[in-house]
Amino acid sequence: MQLELSEEQKLVQQAARGFAQDRLAPLAAQIDREEKIPDEILSGLAELGLFGVNVPEALGGAEAGVVAYSLAMQEIAAACASTAVTMAVTNMVGEVIAAFGTDAQKQRCNPRLCSGEWRAGSFALSEPEAGSDPGAMRTTATLDGDHWVIDGSKQWITSGDFAGVFVVWARTGEEGTRGISCFLVESDAEGLSVGKHEEKMGLRGSSTTALHFEGVRVPKSALLGELNGAFKIAMMALDGGRIGIASQAIGIGDAALREGISYAKDRRTFGEPIANRQAIQWMIADSRTELEASRLLALRAAWMKENGQRFSREAAMAKAYASEAAWKVCDRAVQIHGGYGYTKEYAVERYLRDVRVTRIYEGTSEIQRIVISRDLLR
């Protein structure tokens, strides 16, 4: 593994950092408060190539690689975690279509996602009774002549109310994971409706909704990948998605630690800055150490994916460790701020709310440990 970044990776990181600091960070509290990401932020991400970092140039993407994607996610998440998850899911959708789609599917969907013509892409796998266990899926797709008819409901759908295209999993065969297929459904499909908007603890600027499919008819050409073979698509997408969420967690943790250090230098008690207190110094030291370890785990998994190596275990390790480390970092940052850390006057309160879900979505920490242990014990 090359520990030095390439020039292209540095350029992507710098571009993401500039956008995050200059345009996104000043709006982050407003995005959280108003629960909406401004259109100009979404279009700005697209203009920088951040909606298709690892998508081939021929399909409208930046083709900068997975390491560059991880670096960009860290920068965007440090400014606004809600925006980062929208970026993450759109990248996941673009990569899935680029990897498994037909030429026609790629040519229709990828340029629209990467350019921002479609404001986002959505990943419709989870259901009210099928989260960590996709084999329990109840949404169905039935072949009717030259069309598939989709019926059912999906839950926890990021950008569900404004995405241009959904990657939808549905049962087309036997029970369990061997009878699941995948379809591309555009947002204007008749019979597709947006359900409940979740009132979340954190990531409040990122829209999370239910989706309802009532006799949604899509052409046979909407099938993505092989019939009854979509479980592997979901698992491969989630492996890559875990790199993104690990990177998101690192970015949030970085922002929280910076705030904690700044406050510790300014806040004075008993005649001197609290940064002089050993208790505070140890919090800072532990936080930086854990974040750097997380970063190396995430970049290793990204490098392995980028170089065509098996990376499922490494992605799970990065996601589990980074999400739990970032939670501790954000919690310490609140503690350093004392009572002020519990108020909205300081951003650390938002970081703590935002980081909590990184231990849940794209597979809980418990699921990551199952993935890791099964790989080690097989």
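A search of the whole structure, which is a predicted model, finds zero disulfides. C109 takes part in no disulfide, and the nearest cysteine sulfur, that of C114, lies 11 Å away. With a relative accessible area of 3%, C109 is buried, because the term applies to residues under 20%.

For C330, the closest cysteine sulfur is in C80, at 14 Å from the sulfur of C330, which is too far for a bond. A disulfide would call for a pair of cysteine sulfur atoms within 2.5 Å. C330 is likewise buried, since its relative accessible area is 0%.

## Helix α4 and helix α5

Helix α4 covers residues 66–79, and helix α5 covers residues 81–100. The axes of α4 and α5 come within 6 Å and cross at roughly 150°. This angle makes α4 roughly antiparallel to α5, because angles over 145 degrees are classed in that way.

On the α4 side, the contact is made by Y69, A72, M73, I76, A77 and A79. On the α5 side, A81, T83, A84, M87, A88 and N91 take part. Sorted by class, the contact of α4 with α5 has ten nonpolar residues, two polar ones and no charged ones.

## Helix α4 and helix α7

Helix α4 also meets helix α7, which spans residues 231–266. Here the two axes come within 7 Å and cross at roughly 40°. The crossing of α4 and α7 is right-handed.

From α4, the residues in this contact are V66, Y69, S70, M73, Q74, A77 and A78. Their partners in α7 are I243, G244, S247, Q248, I250, G251, I252, A255 and R258. By class, the residues of the contact of α4 with α7 comprise nine nonpolar, six polar and one charged. Y69, M73 and A77 are among the α4 residues that meet α7, and Y69, M73 and A77 are also among those in the contact with α5.

## Helix α8 and helix α9

Helix α8 runs over residues 278–306, and helix α9 over residues 312–337. Their axes come within 9 Å and cross at roughly 155°. As a result, α8 is roughly antiparallel to α9. The crossing of α8 and α9 is left-handed. In their contact, 17 residues are nonpolar, three are polar and six are charged.

## Two glutamines

Q335 is located in helix α9. Is Q335 buried or exposed? Its relative accessible area is 55%, so Q335 is exposed, as the term requires a value over 50%. Q335 and E314 are 21 residues apart along the chain, and their C-alpha atoms are separated by 31 Å.

Q368 belongs to helix α11, which spans residues 365–377. Q368 counts as buried, because its relative accessibility is 0%. Which residues does Q368 contact, leaving aside its neighbours within four places in sequence? They are R242, A316, K319, A320, E362 and G363.

Key:
Residues are numbered from 1 along each chain as its sequence is written. This is a predicted model: local features need pLDDT of at least 70, side-chain atom pairs count only at pLDDT 80 or more; totals for chains, interfaces and linings use all residues. Side-chain values use heavy atoms; hydrogens and water are left out. Axes are lines fitted to C-alpha atoms, for helices over the stretch in contact, and angles run from 0 to 180 degrees between N-to-C directions. Helices (H or I, at least four residues) and strands (E, at least two) are DSSP runs, numbered from the N terminus. A crossing is left-handed if the near helix is turned anticlockwise from the far one by less than a right angle, and right-handed if clockwise. Contact means heavy atoms within 4.5 Å. Ala, Val, Leu, Ile, Met, Phe, Trp, Tyr, Cys and Pro count as nonpolar, Asp, Glu, Lys and Arg as charged, and the others, Gly among them, as polar. Buried means under 20% relative accessible area, exposed over 50%, partly exposed in between (1.4 Å probe, protein chains only). Angles under 35 degrees count as roughly parallel, over 145 as roughly antiparallel, 65 to 115 as roughly perpendicular and the rest as oblique.
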